[in-house]
Each structure stands twice: as C-alpha cells, then as structure tokens.
Amino acid sequence: MLIDFLYALIKFYEVFVAFFSITYILFYIVLSILSYTAILSYLRYQKYINDEIIIRSNHILGVSVVAPAFNEGVNIVYNVKSLLSLTYPKFEVIIVNDGSTDDTLAKLIEEFELVKVDFYYQEKIVTQPVRGHYKSTNPIYSKLLVVDKENGKSKADASNAGINTSKYPLFLCTDVDCILKRDTILKLAKPFMENDIQVIATGAGIRISNSCEVKDGFLIKVHFPKDWYPRFQELEYVRSFLFGRMAWSQINGLLLVSGGLGMFDKDIVIKAGGYWHKSLGEDMELITRMRKYMHENKKKFLIKYIPESLCWTEVPGNREILLRQRVRWARGLIQTLYLHRKMFFNIKYGQTAFLILPFFFAFEFLVPIIELFGIISLIASFIFGIMNVEFLIVVSAFVYIFYLLITLISILIDDHLYKNYANYKELLILVVMAIIEPFVYHPFNVFASLKGYWNFYRQKEQKWGVMVRKGFQTDTK
C-alpha cells in the first residue's frame, strides 16, 4: 500500500518536473531571443547618437554619485579618486561614512583636505542620525561631499542618507569598492534624456575585479579570476547580466537593478519611500516598490538596461563569505515576494503582477525547493526499487545541455562584443567552468537558497556581515 502510494506520488512529481522543465526552457528561449535583439538594437542605436551631442546639451541632467562606505579604509582613497575622475559635465560624488570603526573617515579627511561645514540637510527619507558633512578646502576636490552618520546596520540606510544629501535629479548608487568606466554616468543617464516615456531607473553590466590589475583606483588590465569561487561568480555575472536583464529590459520587465551600479530618478525613489533598511535585498525591493508606485499613479515608465560592462567590483573570495551573501540574497528574494504578495495577479499592476512577479516566484524562488524534492524523490525511489532511470537520464541530460548552450552563447557574445579577457586561455577556462558548474557550484547555491528560505521562515535575524576585502592587485610596471 505504501509503495503504491509512493509510486503514484513519484509519477506525479515526474510529470510535474517534465512540465516545469519544458516551461522553464521555453521561457529562456524567449528571453534569449529578446536579449539578442535588444543588444543588436542598442549597438545600432549607438552608431547614430553621438555622446558629445548630449554632453554639450544645455538640458543635460545633473547626477549625484552616492557611495556608502563602512570600514573601507583599505581602498577608500583610491576609489574616491576613481569616482572623481568620471567624465561628465555635471555631477557630484557623495561618500557616506556609515559609522566606520576603522580609519575610513580619517583617511578621507587627510587625503582630500576635508573640513566640517554647515549643510542644510533635509531628511526626506528617515535614516540614522547624520553627524556632519565635510567638504574639501582644495578646489580640485570641489565635487566631493562626505556624509558622516551613525551606523544603520545596512547599506540601505547609508544610501538613503546620500539621497537626502544629493542636489541633482538623478543619483547613481554604487559601492566604494567598485571601479567604474569613465563614461559610466553618461551611459546610464542617456536613457533619461532620450526617451519620451519617463525613465525611472537604469542599470548596466557588472564584472569581477578579483585578480584584475588596478593602479590608483583605475582598472589597468582585466584578468579572469584566479580563485575558484570568483571564477564561478564571473560565469554567473556574464549569463545573468548579458542574457537575463537585457531580455527583461526589452519588454520593460526589469525587477532588479544591481545595488552596485544603478541610476535612479530621485523624485520617484523618494515618493516610493527610498531604500527599505530592513530589506536583505534592498535593490530588488526598491525597484518593486517603484514599479508599484508608478502603476498605482497610472504613470507610464521605463526601466532600461545597458548591455555594457561599466563596473568592476570585488566579490567574495571564499566559501564562508559567499555563503553568507547568497543566503542573504535568497532571503531578500522571498522577503520581497512576500512583502508585495498582494500585487500578484492584481490587474492594477499590469505586467508586474501577471508576468514579472510570477516568473520570479516560479523560476527563481521555487527552483531550489523543487530540486530538494527531486533529491528526496530520487532517494525514496532508489530505496523502494521504483526508480525510473530512463526518465532521470533524459530530463537531466536535456536540462544540462540546454543550460550549457545558453551559458556558452552568453560567453561567446560577451567576448565577441567586449573582449574583456586578456587571452584565449582565460576564455577557455571560463568554458570549462561552465561545463562543471552544475555539478560543483550549483548545489552550493541551492543549499544557500534553502538556508535563506529557512531563516526567513524561522524569522531568524540576519545581519549584512562584513565583506573582507583583499584590496586590488597593483600594476608595478
């Protein structure tokens, strides 16, 4: 009796998995086509619109670069200099010292000749208390403004303080450890000035700076990461930024603009309530809330994605820090979906309600849970001798080949368009990583996701934690 019930249950699960896998693959085929057409459209458009025309325009929008900093003394000086060197006619750099316990603020004061100034600070978004604002006595650093505040225990709180301080209608949110291309502001600001429909946010590709050659905060030469965990993350970044986000941008369906590099309409962000300081996925949650605000006020809007690598950042280099990050991301995902659950299939929220949120629920949130049940089903069918080996092999091979094909196409397109790697050896290593990723790295991510869900269910408190940085490899030539 028990075996019959178990057999029926496993058969039902097999049918469900087959249907789910086919749906998943069809979705990604559509996303692949959308991504490819979006990239071609972007490249064609770039040939006709000269950046110099926009730079010389009298209607160019000012941009505030907001970069929270907590215990970033290792690289803070070089990174600030890098941000100040960005090429754009109207911008400011706001560094938010979020209650650092190291020498971050002291280094800033000494290097940039900062003094405390009287500053009219309007707290449009509530944050932890701001202790003061600092400006440089050196005209060379006139674009720099440093905000010193009490620690808010999250990047969101520090970002909100930077938004409150900013004077321009657009703000670029980044991290002080990020290295930006010099034309990053222009690339991200262009959609705000070129579109008739209101653009509320833009994002672009992020790459990994681990093992890259950096001098004085500037990227000298890109190298493929030497360590295993950053190598797998490089693969993830190529696939997700080039394929996933370009496709969603094509149909105005972006739900995530990376916290490491995103430009926003400040007025809409403030009206939406700013970053939520309790969120563990504050970038996704903010975009969801901005979309919600625009839908509720019946305003047309766009969220655009730029298919260029404009930012390099240091990623977790060891298992412990990476696990903590991925657990936080998973918990941030379920937290956002749960918080905005009333938006699902609500006609008031358009495609956000009927396409975007259901997609993230089914193909981001549910996948680790389905895989867990798959493992349990596999073990049970083996123990009771009712394993369908043929089904297992066919489905596994089909999904693996499709995944590998998508990943390899992403790698080839990325290399063809941007030539980010020093030589073909590094490109070949990336291909090898793609082949072994499902067996080595994917189970790690599934475990991290399930742990994040479990922590959310238990309402276990989770802090952001400290990202221990090695600093950058310096070019000695």
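Contact, as the word is used in this report, means heavy atoms within 4.5 Å. The structure is a predicted model, in which local features need pLDDT of at least 70 and side-chain atom pairs count only at pLDDT 80 or more, while totals for chains, interfaces and linings use all residues. Residues are numbered from 1 along each chain as its sequence is written, and side-chain values use heavy atoms, with hydrogens and water left out.

Helices (H or I, at least four residues) and strands (E, at least two) are DSSP runs numbered from the N terminus. Helix H14, residues 442–458, has 17 residues and reaches 24 Å from its first C-alpha to its last, close to the expected 24 Å; the expected span of a helix is 1.5 Å times one less than its number of residues. Buried residues, meaning those under 20% relative accessible area, are set apart from exposed ones, over 50%, and partly exposed ones, in between (1.4 Å probe, protein chains only). In H14 the residues Phe444, Asn445, Val446, Ala448, Ser449, Gly452, Tyr453 and Asn455 are buried, and what covers the buried residues of H14 includes H7, H10, H11 and H13. After H14 comes glutamine 459, whose phi is positive, near 55 degrees.

H10 has 21 residues and reaches 30 Å from its first C-alpha to its last, close to the 30 Å expected at 1.5 Å a residue. Because 15 of the 21 residues of H10 are buried, this helix is largely enclosed by the rest of the structure. At the start of H10, a side-chain oxygen of asparagine 318 reaches to within 3.2 Å of the backbone nitrogen of glutamate 320.

**Salt bridges**

A salt bridge is a side-chain nitrogen of Lys or Arg within 4 Å of a carboxyl oxygen of Asp or Glu, and the structure holds 13 of these salt bridges. The table gives three of them.

| Pair | N to O distance |
|---|---|
| glutamate 111 and lysine 81 | 3.0 Å |
| glutamate 234 and arginine 207 | 3.1 Å |
| lysine 271 and aspartate 267 | 3.1 Å |

The salt bridge of glutamate 111 and lysine 81 links distant parts of the chain, with glutamate 111 in helix H4 (residues 104–112) and lysine 81 in helix H3 (residues 76–84), 30 residues apart. Glutamate 111 counts as partly exposed at 31% relative accessibility, and lysine 81 is also partly exposed, with a relative accessible area of 29%.

In the salt bridge between glutamate 234 and arginine 207, glutamate 234 lies in helix H7 (residues 228–250) and arginine 207 in strand S8 (residues 199–208), so the pair ties together parts that are 27 residues apart in sequence. Glutamate 234 counts as buried at 3% relative accessibility, and arginine 207 counts as buried at 4%.

Lysine 271 and aspartate 267 both lie in helix H8 (residues 266–272), where they are four residues apart, about one turn of the helix. Lysine 271 is partly exposed, with a relative accessible area of 45%, and aspartate 267 is partly exposed, with 41%. Elsewhere, salt bridges that share partners join Asp98, Lys149 and Asp157 into one network.

**A nonpolar surface patch**

Ile3, Ile375, Ile379, Phe382, Ile383 and Phe384 make a nonpolar surface patch of about 630 Å². Patches are made of residues with over 30% relative accessible area and no salt bridge, like charges being joined within 9 Å and nonpolar side chains (Val, Leu, Ile, Met, Phe, Trp, Tyr) within 5 Å. Helix H11, residues 350–383, gives the largest share of the nonpolar patch, four residues. Phenylalanine 382 has its place in H11 and counts as exposed, at 63% relative accessibility.

Conventions
Areas by Shrake-Rupley, 256 points an atom, 1.4 Å probe, with all protein chains shown as cover. Polar contact = N/O pair within 3.5 Å; in protein donor to acceptor, adjacent residues only side chain to side chain.
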